[in-house]
Amino acid sequence: MPTRTAPLPVRNPGTGEQLGEIEDFGPERVTAALAAAAHGQRAMAALPAHARARLLLTVADLIEAETDDLARLLAAENGKPVFQTVEEVRAAVRIFRGFAGEATRLFGRQIPLDAVPGLERHLAVTLREPLGPVAALVPFNYPVELYAHKAAAALAAGNAVLVHPPARCPLAVLRIGELVRRAGVPDGAHQMLTGGVQVSQELASRPGAAAVSLTGSTTAGREIARRAADTLKKVHLELGGNDALIVCDDADVELAAEAVVLGRLARGNGQICCAVKRVYVQDGAHDSFVEALLAGAAKLSVGDQLADGNDVGPLISEEAAERVEAAVAALVADGARMAAGGGRRGAFYDPAVLVDVPHDSPAFADEIFGPVAPVARFSDPLDAVRMANSSPYGLQAAVFTRDIQRALTLAGRLEVGGVVINGSTALRAENLPFGGPKDTGGSAEGLHDTALEFTRQKTIVVMEAFG
């Protein structure tokens with residue numbers, strides 16, 4: 001029998017109240033799960049596309065029926081205000097339905113062999129086949145939505161999936177796992193493996209998984225990639241971001257300030273990889289932008305994530321809030337001035353606005369995972385692009401200007417996976433590719449991309465097919 005380990009408590013990050021316990025899977029439990037996944041893989045691969053689509057639609061219906069309960073559970077364990085977790089659960093419903101459609105659109109190709117002299121009489125086609133069991137490593141910040149992106153894609157492509165929910169907030173994802181089982185997924189094709197970081201590392205290292213998909217920090221991504229290299233499994237990484245927002249002189253500064261307030265300070269408690277993390281404002285717009293930003297930040301309410309009317313709840317842990325506090329202190333030590341907020345109470349951190357941030361501050365280059373808006377000046381928009389590109393990350397960026405030619409010119413020069421014109425970088429639509437180059441990982445996740453990532457191509461040649 002597998003060795004039993006002490007259960008891990010799951011707590012409300014704001015109050016410390018224990019919400020439940022989870023098992024901490026050891027190596028023996030991972031071995032058993034991988035063996036079960038091999039059987040589940042065969043069963044999923046045998047399902048026709050219409051059956052996989054129907055399974056995902058049933059899961060979506062079951063999640064939708066429990067939206068309110070799931071949202072409150074997620075808010076309690078994660079710290080985001082309930083109105084935001086409702087949006088997250090609804091996104092997961094859309095994602096499952098979207099991948100139901102993708103299950104029926106995994107197209108192969110007919111390749112013209114008459115392009116090669118001597119092969120004119122032969123026929124070549126490609127098929128898409130399931131890749132194999134997928135390890136889905138889910139982060140704490142948007143666990144339900146990002147679980148859906150990984151698990152629904154794997155199932156749509158005919159794979160088994162082994163899900164490692166975040167140890168600090170696994171309960172909502174685990175409940176959805178029960179709903180997937182109720183929907184009729186084959187035995188072993190959808191499993192939840194709970195516990196600490198060693199679970200992800202075991203899944204990445206073992207040969208029983210054909211692919212590993214991680215959303216997490218760049219440090220975690222490098223470790224997972226190293227472990228996966230020994231078995232040459234496919235690695236799909238969506239990692240950190242330090243998204244820049246560039247505000248030009250001709251911008252609508254009220255709109256730009258709102259993008260920072262709603263897309264950074266009051267969304268996900270600032271714990272979003274694609275949130276606005278650096279703001280560059282041209283000299284002529286700087287003062288009016290900062291005034292609008294401070295006015296917007298002053299309206300935000302910080303408190304219990306389960307109470308109505310609060311915009312910002314606790315970060316995932318007190319340690320996370322301490323890291324944000326230390327990063328802000330480093331900015332101030334480098335010469336930035338605290339213009340608003342910045343107080344910490346346990347896991348709560350008051351949204352902070354910093355101005356006069358030096359461009360070369362090491363803390364400005366790092367990703368701050370909390371409700372902090374550092375603002376720096378620039379004179380020439382191309383200088384702003386250069387400063388934005390100096391970051392090791394490349395997820396998304398935003399440009400505010402009324403000049404469409406300028407907007408597209410700057411967008412073309414930004415070294416990122418996506419650029420939002422006159423809007424916040426905290427934008428992720430499930431039907432868009434999401435990801436970026438450099439330390440962001442280089443992968444793209446989305447309805448039209450991920451299911452294909454979890455398949456392999458097989459070429460079939462029919463000799464002398466044509467007379």
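**Sheets and pairing**

Author: Start with strands β10 (residues 243-247) and β11 (residues 276-282), which pair in the parallel sense over five bridges. I246 stands opposite Y280 in β11. The model is predicted: local features need pLDDT of at least 70, side-chain atom pairs count only at pLDDT 80 or more, and totals for chains, interfaces and linings use all residues. Residues are numbered from 1 along each chain as its sequence is written, and side-chain values use heavy atoms, with hydrogens and water left out.

Reader: What makes β10 and β11 a pair?

Author: Two strands pair if DSSP finds at least two bridges between them. β10 and β11 have five bridges, so they pair. A strand is a DSSP run of E, at least two residues, numbered from the N terminus.

Reader: Which sheet holds β10 and β11?

Author: An open sheet of seven strands, in the order β12-β15-β16-β11-β10-β17-β18. Its pairing is mixed.

Reader: Why are β12 and β18 called edge strands?

Author: β12 (337-340) and β18 (418-421) each pair on one side only. The twist averages 25° from one strand to the next; axes are lines fitted to C-alpha atoms, and angles run from 0 to 180 degrees between N-to-C directions.

Reader: What is the order of the three-strand sheet?

Author: β3-β4-β19, open, with antiparallel pairing. β3 (109-111) and β19 (455-462) each have a single partner strand, so one side of each is left without a neighbour in the sheet. Here the twist averages 30° from one strand to the next.

Reader: How do you know that β4 pairs with β19?

Author: Eight bridges join β4 (residues 123-130) to β19, running antiparallel. The pairing definition asks for at least two bridges, so β4 and β19 pair. L123 stands opposite V462 in β19.

Conventions: Helices (H or I, at least four residues) and strands (E, at least two) are DSSP runs, numbered from the N terminus.
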